[in-house]
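Work through the exercises below with the sequence and the 3D view side by side. Try each task before reading its solution.

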Amino acid sequence: MPMPDFSALLRRSDVFGHLGEEALAALAPELQWFSLPGGRTLFHRDDPADALYLVVRGSLGVFDGPTERVRLVAAGDSVGEVGLITGEGRQHTARALRDTELLRLDRDAFEALVREHPHAMLGVARMAITRLQERMRGDQPPDAPRTFALLPASADVPARSLAMQLAMELEQWGSCLVIDAEHGAGRGSDWFAEKESQVRFLIYLDSTGDSHWRQRCLRQADVLLLPAMAAQPEQPWPEAMPRDPALAGHRARHLILLHAGRQPSLGAAQRWRSQFSGELQHHHVGGRGDIARLARWVSGHARGLVLAGGGARGVAHFGALRALREAGHTFDAVGGTSIGAIIGAGVAAGWELDEMVEDFRRHFVEGRPLSDWTVPVVALTRGRRAAGMLRRSFGALAIEDLSLPFFCVSTCLSGEGMVVHRRGPLWLWLRASSAIPGVLPPVLNQGRVYVDGALVNNLPTDVMADDGIAHVTAIDIRAEISLLTTAEEFATPPWWQLLWRNQDVRRPGLVSTLVRAAMVNSEGPSEHRRERADLLITPPLEHIGMLDWKDWQRAIDAGYEHTMKVLEKP
C-alpha cells in the first residue's frame, strides 16, 4: 500500500508539531509505517533504544513487569524519546493494547535530521524531559478506559440486552456505540479506529460466539466484561487463561454475575472465580441500579465508602450514613477497619439502615459481646460471644457474596503486617479486623495470627483509592482518645488501696489502656490517609468513651448532625 500523508498527524504531535514545512518534508520519507496486532510486543525492557515511535491509530501500553501498566500511549502520542536523547536502553516493555498502526523513526534518521535541522531536537528534548520528570516523581497518568469487549460465558447470557443497558448508563459521561459481529466482521483496523474516534465509549459485543470476531473484540478492548448466569454451573472461559498471556494480561477483567433476583446467590462468585487466574473484579447484577454501578466501575467513576474503627464511637457511622443517604449519596464499594468493617459489611450486603441499627442495638448493646471474661492467658475475654454475634448477623455469607465489592483490614502478627481481606468467610475476617489485642483473643488461621486492623490502618482510604475508585468518602472516628491520669505512680498500689475509692485519683483502666495502645501506631499515617478522602467526615465524639456502648444513640445523633453540617457547606 502507498504510504498515506501523515503531515496533519505530525503537526498535531508534541514531538514534531513545532517543525516547519521544510523539516517536515525532510522527515516524512524517513518514517516507517507499520501495524502491530493487539497483544504483540513493540519492544522489551533493556532492548537498545534505537527508534522513536508515534501512534497513528490504536494504543500502546508501557509496562513495568508482565501486567503492571505505567503509561497509556494513545493515538497522536509518542514513545521512545528518552532513549534517543540519553542513549540508555529501554526502561520498560511496550505492547499493543489493540490493533495499532505506528510510525517509526530510526536513530540514524533522527540524527541526520538533527544535523540538517537542529531545532528538530527541541520537541524530542521537551518530551524526553517530561518523561524523565514523570519517572522521578513516580507519576502514573490515569488510564481512561474507552473500549470494552463484552464476551459472554454462554449463549444463555442476554448479552445484547446487557450491552444496550450498559451503553445507556455510560452515556452520562459521553457517547457510546455498540458494535457486534454483523457490523464489524471483515472490517480493517482503520474502520475501527474511525469509529472509536467518533465516540467516548465503544462496546465490542460478541452475541454469536464466532471465534474470529471474539478475538477481534479481545484485541480492540481496554477492558474485558465477562457476563455469566450466576445460577448455572461454572464452566471454563476462553479468556480466563489465554494461550498468549500478553493478549489479555494487561486488561482489567470484570466478571459480571447475572442473578434472577436482587440478592446474590450464595457461593456463585466463588464458583465462577475459580475458573480464572490473576486479578479479577466481580460484580453482582440483579437490576438496573446494578448496571449503573457497573458503568461507574468500568468507566473509572466509581464511588467508595471507607469506615474507620473506634470502638463504641464507631456507632456514629450510622448517623453519618443516614445523612449521606438523605443527601442522595450512593456507593459502589465499601471498606473498613474494626467496628467500621462490621458496619460497612452491612452496607455492602444491601441491608436497610434501620434494620442495621436495630440489629446492632440487639447484639452490641443488649448482647454485650465483650462480657465473656476469662483468665487472661491470651486475652481478657474468650471471644466466643463476639464470634457468635458476628456469625448470627452474617451467617454463611462470604465476602464475595456481598452485593457491593467489600474489603476489611486486619493485622497479621506472623510477619505480613497489614492484610486486606476480599475473599473468604465474612464473619471470620470481621472478627479478625476487630480483635483488640489483650481484649479479644486473636484469630488463628492456617498458621497465622490476626488481630485488629487499627494497629496498622484504621482508615484504609489508600486501599480504596488504589483499587481505582474515583471518589472516596471517609468517616473517621477522630475524637481525642488520650489517656489522662491524676495519679503519680510507677507501680500499682496494693489491691486493698485500689478498692478504697479516692475520688481525687483517676487511673486508666485495663481495657481502656489496651484499646488505646491498639490504635496509637496508626495515628501518624492516618493524617495522610485522611487527605486521600474526597469527602471526609469526622464527627466530634469526645463525650463518648471507647467502650461506652450504652451511649449508642448519642453517637448516632452526633454522626448525623455533624455530617449534615459538612454536606451543607458549599
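**Exercise 1. Locate Asp46, and state its phi and whether it is buried or exposed.**

Step 1. Asp46 sits in the loop between S2 and strand S3 (51-57). Helices (H or I, at least four residues) and strands (E, at least two) are DSSP runs, numbered from the N terminus. This is a predicted model: local features need pLDDT of at least 70, side-chain atom pairs count only at pLDDT 80 or more, and totals for chains, interfaces and linings use all residues. Residues are numbered from 1 along each chain as its sequence is written, and side-chain values use heavy atoms, with hydrogens and water left out.

Step 2. Asp46 is not a glycine, yet its phi is positive, about 75°. Most residues other than glycine have a negative phi.

Step 3. Asp46 counts as exposed because its relative accessibility is 63%. The cut-offs are: buried under 20% relative accessible area, exposed over 50%, partly exposed in between (1.4 Å probe, protein chains only).

**Exercise 2. Describe how H13 and H14 pack.**

Step 1. Take the geometry. Helix H13 (residues 316-326) and helix H14 (residues 339-348) meet at an angle of about 35°, and their axes are 10 Å apart. Axes are lines fitted to C-alpha atoms, for helices over the stretch in contact; angles run from 0 to 180 degrees between N-to-C directions.

Step 2. List the contact residues. H13 supplies His317, Phe318 and Leu321; H14 supplies Gly340, Ile343 and Val347. Contact means heavy atoms within 4.5 Å.

Step 3. Sort them by class. The contact has four nonpolar, two polar and no charged residues. Ala, Val, Leu, Ile, Met, Phe, Trp, Tyr, Cys and Pro count as nonpolar, Asp, Glu, Lys and Arg as charged, and the others, Gly among them, as polar.

**Exercise 3. Which strands pair with S21, and in what sense?**

Step 1. Strand S15 (residues 303-307) runs parallel to S21, joined by five bridges. Two strands pair if DSSP finds at least two bridges between them. Arg303 has His471 of S21 as its bridge partner.

Step 2. Strand S22 (residues 535-537) also pairs with S21 in the parallel sense, over three bridges. Here Thr473 stands opposite Leu535.

Step 3. Check burial. Four of the five residues of S21 (residues 471-475) are buried, so the strand is largely enclosed by the rest of the structure.

**Exercise 4. What is the strand order of the open four-stranded sheet?**

Step 1. The order is S2-S7-S4-S5, with antiparallel pairing.

Step 2. Strand S2 (41-43) and strand S5 (69-74) are the edges, each pairing on one side only. The twist averages 30° from one strand to the next.

Step 3. Inspect one pair. Strand S4 (residues 59-63) and strand S7 (residues 93-96) share four bridges, and Val62 stands opposite Ala94.

**Exercise 5. How many residues form the largest nonpolar core?**

Step 1. The largest core has 55 residues. A nonpolar core is a set of buried Ala, Val, Leu, Ile, Met, Phe, Trp, Tyr and Cys residues joined through side-chain atoms within 4.5 Å.

Step 2. Residues with the most contacts inside it include Leu426 and Leu430. Both are among the buried residues of H17; eight of the eight residues of helix H17 (residues 426-433) are buried.
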